[in-house]
Amino acid sequence: AIIDTPTAISRFLNKQVATIYEELTNGFYHSYSDDGHIFLHYPQHIIKSNQPMKAFHLLNDRSFISTRLHSVGIEKGTQKHMYDIDLLYKTPLFCEKMSGMHKSNIGLIEELVRSVVFAIVTFDNLEYEGSTEMSAVQMKNRVKARGLVIIGAAIQKYTLWNLSMECFSKALQYLKLAELPSSYPEMLQVIRYINTATLYPLHLVPRDSDEKITLKHAASLREGNLSSGVPLVLSSHPGRAIVPVKNHLDELSFFGAYCFLGIGAEESVIEVFYDGKFITRAEDGAVMNVALGWVCEGAEITIKPGPTNEKERLQQLEMTNRMFIINEDGTVSVASHQHFVLGLTYYPKLYLVDQFSPNRAIFKNAHALVQSEQSGGNNDEEDVELELISHPGYAIAPISVPMFLPFSLVLWKLGLGPQESALKVVCRKRKVIFRSNFDLYLSTYFPGLTAGNPIILLGSNSKAFFKKLIVNSTMCHSPYFVCNNDGSISPLKAPHLALGFQVPNFIHLAREPVSEHIYDSLKIRKPIKTTLLYLFSLKYFFDAN
């Protein structure tokens, strides 16, 4: 058993045990006979002896992981491994001791998760006595799926939504390889987990909207003067909560640092304080904010760094886009526009993702879009529906009302919507255009072609030709797009990316071998390049934000 006596004695005794095992194995874990203790408790001895660096390297050692899974079984071994990772993460000196590795704490957790996923997928030492070769293969696939589900569920607390989704996606792939019917309990369990890892956008809706959310602990927040943060768990959507979309703040010039908020599993709930004006994250003082300061239906909600001195505190008192009212019914209104409250849309957003990601969108009518490009601008040509074969029954569709913003700018958010709401577009000079009373262009939310950048419709509704020209050329960062042979669509200047979602394409999973690698499809891989003219034209607005 693990030694949990007073701290100094505990550290000494656990270090003695750890040293004995280190000398016995000398790093060759596969050749060490299991004594019933080492592969269950060895990492805990190292962690409790205050050696986080050594514990990290052990938990990242694929030889140790593989031998652990073989000795105690994939399910139990994975459970123990994820417990040890969590124990290491909670170690008080983890941040200090690991600082030399030049990665964030969550980045280190991601590395450990990738190692254990690799070990499960490449694991080949499963034997089942009395089983036929076919049934043994099926059982192996099912057991691997269970291990991946354990990992996916365990890492949701770290806000690793996309890695969690990757684990569940691989688990579903294994169950399909095992030829289990869709009604089988294990299949239904994985589908439920996929639902928990799906993030829904948090944005402003009218107060009478069916999409508004209500907070479970609104009364406690309204009372204030609490010693600890209050979790933003929802009473309107049991099991769901307001969560950060990422585990860190991104930063862009003139936009500042920010992180979008969404609706996800309550395991990753954000905990906050409320002083009657500002909703502040307890963890770091980041403040809830209406994105870009544009308070209108469909505007998204972010958190931004809170004030760090008296000058910044006084400046924040003028920022109405950061002021909220928590109402008696549990809804949350914008203080300056109380007819708008926090709400959600049930359809995931459209993003740029890795071109080979299972999250990419495969279009049914990609060839028709190519033909519309080649037609030479025939205005009588029928627009093309962005229906998907990667996500049957769904299409690229608007997931908000059009947002009419300053500078005659019109923004329409896009996502994975029902087929009957499919967006209809044409392609002209490699620009994807939605035609209406005014043209809207398929654009990136932020300047730059990076994985994780949301894709929207953007354009000008101005009737003045030159004003529309200036707005479209400086504010509408709409890239050129090309259709790939597989039916996906990529930016011309970023062929390594494609249109996609946080939700994977599950339809072809059984046809491909399970990859041993795991990565975040929405993670920014390159620095975002900004357009100076665009930034200059918007500087006035962003200064107030």
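## Two helices in contact

In H9, Trp 161, Ser 164, Met 165, Phe 168, Ala 171, Leu 172, Leu 175 and Lys 176 meet Glu 186, Met 187, Val 190, Ile 191, Tyr 193, Ile 194, Thr 196 and Ala 197 of H10. Contact means heavy atoms within 4.5 Å. The residues of this contact divide into 12 nonpolar, two polar and two charged.

Helix H9 spans residues 161-177 and helix H10 residues 185-197; they pack at an angle of about 160°, axes 9 Å apart. That makes H9 roughly antiparallel to H10 (angles over 145 degrees count as such). Their crossing is left-handed.

## Basis of the model

This is a predicted model: local features need pLDDT of at least 70, and side-chain atom pairs count only at pLDDT 80 or more, while totals for chains, interfaces and linings use all residues. Residues are numbered from 1 along each chain as its sequence is written, and side-chain values use heavy atoms, leaving out hydrogens and water.

## Nonpolar cores

The largest nonpolar core has 58 residues. A core joins buried nonpolar residues through side-chain atoms within 4.5 Å; buried means under 20% relative accessible area (1.4 Å probe, protein chains only). Tyr 42, Met 82, Val 117, Ile 151 and Ile 155 touch the most other members. Helix H7 (residues 105-121) gives the most, with 10 residues.

A second, separate core of 55 residues includes Leu 202, Ile 242, Ile 279 and Val 290.

## A buried lysine

Lys 413 lies in strand S17 (residues 409-418). At 2% relative accessibility, Lys 413 counts as buried. Beyond four places in sequence, Lys 413 touches His 203, Gly 298, Glu 300, Ala 397, Pro 398, Ile 399, Ser 400 and Ile 456.

Terms used
Buried means under 20% relative accessible area, exposed over 50%, partly exposed in between (1.4 Å probe, protein chains only). Helices (H or I, at least four residues) and strands (E, at least two) are DSSP runs, numbered from the N terminus. Axes are lines fitted to C-alpha atoms, for helices over the stretch in contact, and angles run from 0 to 180 degrees between N-to-C directions. Angles under 35 degrees count as roughly parallel, over 145 as roughly antiparallel, 65 to 115 as roughly perpendicular and the rest as oblique. A crossing is left-handed if the near helix is turned anticlockwise from the far one by less than a right angle, and right-handed if clockwise. Ala, Val, Leu, Ile, Met, Phe, Trp, Tyr, Cys and Pro count as nonpolar, Asp, Glu, Lys and Arg as charged, and the others, Gly among them, as polar.
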